[in-house]
Structures are given as C-alpha cells and as structure tokens.
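Have the structure open as you read.

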Amino acid sequence: MKIEVRSIDWVPKEERHGKASDLFFVWFGGNMHITTLVTGGLCVVFGLNILWSIIAILLGNLVGAVFMALHSAQGPILGIPQMIQSRAQFGVIGAIIPLIIVIFMYLGFFSTSSLLAAQTLSGAIPVISITAGIIIMNLVDFAITLYGHDLIQKMQKLLSWIFLPVYLIATIIACRIPAPTGSWNPGNFNLPMFILAVAIVATWQIAYAPYVADYSRYLPENTSQKATFWHTYAGSVVASIWMMTLGVLLTTSVPKFLDAAGPNLAKLFGGFAILLFVIIILGQLSINSFNLYGAFMSTTTTVEPFMKMKVTPKVRALFIGAIVIIATFIEILGQGSFISLFKSFILFICYFLIPWTAINLLDFYFLRHGKYSVKDMFDVNGIYGKVNWITMIAYIITIIVEIPFVNTTFYVGPLCTALGGADISWLFGLIVPIFLYYYPMKKKLQQDKKQNINA
C-alpha cells in the first residue's frame, strides 16, 4: 500500500472510490474503544445512576450525531477536507481561528486516548512504564497516519469485526456484576447534572464534525447524501451508545474503575485478560489514527495560505512527526490527573466547536445549498475573501454569550451556578448563529447576486 498522495487538495473524479456503506464501519470501529467507554463513565462521576446515565447517553448521541453526519454528507459533493470548506464561511485567512481550536481538540483527544492505551499496555506488561507506553503507541500511530486514508479505512473495517464479539462478551460480564441499590431508580434524578451529561455526550459526537468529511471525500460525487448521512450516523451512534453504556455499568459497579479503565476492564476476563489488553490497545490505535490524521490535515490547512507547498511523503512525515512530539510531551506531563483534565477538555471544546458547526451547516444546507467554488477556497484573493467579518463577529459573540452558562473545573459561569451546575451553553452555541450569521449572510448573498446581475 502506497502513502496517500492527497492532503488538503481536491480529490479528482478518477480517484474517487468506495461506497457509502463503508462509512458505517469507519465510525463503528472508530468509536469502539476505551475513551468512549470513559466518556460514558463521566455520567456516573457527575452523580447520575445507571438509568439516568443511559437516558443521557441516548439523548446526547442521538442529537449530537445528527450534526456530525450532516458534515459527513458534504464530503462526496465537495471532495475536500472539512476544514478547507470552512474557508467559504470564515474566509481563507479567517478560517485559521476555528482551525487553531480544532488543532487543540485533536491534540487533546490524541493525548487522552494515547494515555489510556499506555496505561493498558503498562498493565499488561508491567516492565513497560506509562511513559514508555506513550512513546510506543505514538510511534505506531505515526506509521499508520503516514500511510493515510485508505489504510485507516481498511483498518477500521477489520477492527469492527474483531471488536464486536469481544465487547459483546464484556457487556454480558458487566451486566452480571451486582449494581448498588438505587442504580435503576427513576426517582434518583439530578436535573442539572443530567443536562451536563447530555452536553458531554452530544459534544463527543459533534467533536467528529471537523474531520468526518475527510473520510467521505473520496466517495464518488454521485453518492447519495442520505446514504452518506445514515451510514455515518448509524455507525457512530450504535458504537457510542454501546460503549458509553458499558462504561456506565462498570463505573457504577466496579470500585475506582476509571482510575485505570483499561487494566480494570481487562481483569474482568480473568485468564483471558491478555485478549482485552490487545483489543483495548487496538481500539486506541484506531481512534488515534483519526485524531493524528485530522491534526495533520488541519495544520496543513492553517499554513497553506502563507506558504504554498507540495505535500510530499517527506513533508507529510515532518508534519505528522512534529504533532506526535508535541502530543507526547502533553501526555507525559498530564498523566497524573487524567479524569479531571478529560472532563474539562471536552467541555472546553464544546464552547468553541458548536458555534463553528452551526455556522458551517447553516451555510451549506440553508444558504448556499452545497454550491461552492473549490478553486476559490485555495485563493486568498478569491470570492470568499481573506476574512468574512459577518462570520467572525457571529462566532465571537456566540462564544461570549456561552460564557455565563459554562461549567468547567477552572470556571463556572454565574448563570450556570444559578441553574445548579447545568451547562446549557451548547444550546446557545447552536441557536445564536441563526440570528447573527444566517440572516446577515443571507442578506449579503442576495445583495451580491443583484450586483452580479446588474453588472
């Protein structure tokens, strides 16, 4: 298999391949890992019992995945990575602002997933320290990401079939562990923490939005939008609900489960624990190939307007290697306080990412209806301009509106406190852009159209 020759550039028709159903396995395999499980376990950390945790997981995934799947449906139409398409809304230079946030997101998810994998590897082979495990895992992900799109897709399909029976057995074992009294009692309900849990879960799905189209952009142009949407949606939702629910069951029933989620899960298999160690490590390699690939694409997109370059295999290796080195330092420094950092990280991403996804989807589906000039997305002097100030103002104001409702370990907004800790900032992140972006941009596009007609 050859190293992928494409990076952020448009995929021509003759290189398009695959079918929409392939996306089910990409996103099913991409969610069958321990980080998804830990995310579900956070619902228990917030104080919810099993019943309300599962309801929060269902609601958060079913709603959040709508947005990521709508982004996926853009891929076959445009044939470019997701964050390049953001230039049509933010401008070629203005798109760097959300790109910086997205790069931070990739580094965060890459670091947390790699740390979980390293803990598991160290648990399986005690002579390997967590720091050594981090380095080993990151080197393997470097090799996978270097080869790129086709290898990642084939790996996800193979791993989907491997994960399926193993996690089915793990779920049966988890269901047989006695749960504490009241775990299924509907009366034990904490509304603010339930809302916070839904926000965390929904953000898990929305966090895929910046790179979900990267895996559909190689599909033929005539691929059905509905098929692309539903295969992406189904794969991500089924796997995420399954793994998060498993995380809830284990976090509730196994004391201090999240302190070392990988090794604790493997121990449930007794003499077959080594099998789980292998599966968990493969799962983390799976999702981290996504994260590293996305970080590479976003970094390339950020620097491209300033230095036109051909992304050769050597250049590709240099970019990916630099990202791996930075992430490795983050992981080594942050390994002592994983759960606290992970919870804050997911919420922090929510405040910046949701306004971006709202603006992008409003523009694609309701303003321009998927009709863009790909050529102009690579031209700072093209029709999308350097900076779209309507977008920038809408994006910044939306984030400011969110601040009073945020709930993190380092800051809790006054209105969030008044709501008992419920974080509803993500709702404002979705709604405010309708008024600040959609209507002003619609007026501008109408004016531009009249000017072009008169000219």
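The count of aromatic pairs in this predicted model comes to 30. One of them joins Phe163 and Tyr167, whose ring centres are 6.1 Å apart with planes at 70°, so this pair is edge-to-face. The cysteines, by contrast, form zero disulfides, and the cavities of 30 Å³ or more number two.

**Aromatic rings**

- Phe163 and Tyr167 both belong to helix 9 (residues 149-175), where four residues, about one turn of the helix, separate them.
- Both partners of that pair, Phe163 and Tyr167, are buried.
- Trp204 and Tyr208 make an edge-to-face pair too, because their planes stand at 80° with the ring centres 6.0 Å apart.
- Trp204 is buried, as is Tyr208.
- Ring pairs also build a cluster from Trp27, Tyr106, Phe109, Trp204, Tyr208, Tyr211, Tyr215, Phe290 and Tyr293.
- For a charge over a ring, look at Arg87, which lies over the face of Phe378 at 5.8 Å from the ring centre.

**Cysteines**

- Cys175 has a relative accessible area of 55%, so it is exposed.
- Cys416 has a relative accessible area of 0% and is therefore buried.

- The largest cavity has a volume of about 80 Å³, and its lining consists of Thr35, Met105, Phe109, Ser113, Trp204, Ala207, Tyr208, Tyr211, Ile287 and Asn291.
- Helix 7 (96-124) and helix 14 (273-303) are the elements that give two or more residues to this lining, with helix 7 giving the most, at three residues.
- By class, the lining of the largest cavity has seven nonpolar residues, three polar and no charged.
- The second largest cavity holds about 40 Å³ of space and is lined by His17, Gly18, Lys19, Asp22, His149, Gln153, Tyr215, Tyr218 and Leu219.
- Three nonpolar, four polar and two charged residues make up the lining of the second largest cavity.

**Second largest pocket**

- About 270 Å³ of space lies in the second largest pocket.
- Its lining has 14 residues, and those nearest the centre of the pocket are Ser7, Asp9, Met309, Lys310 and Val311.
- Six residues of this pocket lining are nonpolar, three are polar and five are charged.

Key
Residues are numbered from 1 along each chain as its sequence is written. This is a predicted model: local features need pLDDT of at least 70, side-chain atom pairs count only at pLDDT 80 or more; totals for chains, interfaces and linings use all residues. Side-chain values use heavy atoms; hydrogens and water are left out. On a 1 Å grid over the protein atoms alone, a cavity is a set of points where a 1.4 Å probe fits but cannot get out, and a pocket is an open set with protein on both sides within 12 Å along at least five of seven lines; lining residues have an atom within 4 Å of a point. Grid points are joined across faces, edges and corners, and a volume is the space filled by probe spheres set on the points. Ala, Val, Leu, Ile, Met, Phe, Trp, Tyr, Cys and Pro count as nonpolar, Asp, Glu, Lys and Arg as charged, and the others, Gly among them, as polar. Rings of Phe, Tyr and Trp (its six-membered ring) pair if their centres lie within 6.5 Å; planes under 30 degrees apart count as stacked, over 60 as edge-to-face and the rest as tilted. Buried means under 20% relative accessible area, exposed over 50%, partly exposed in between (1.4 Å probe, protein chains only). A charge sits over a ring if NZ of Lys or CZ of Arg is within 6 Å of the ring centre and within 35 degrees of the ring normal. A disulfide is a pair of cysteine sulfur atoms within 2.5 Å.
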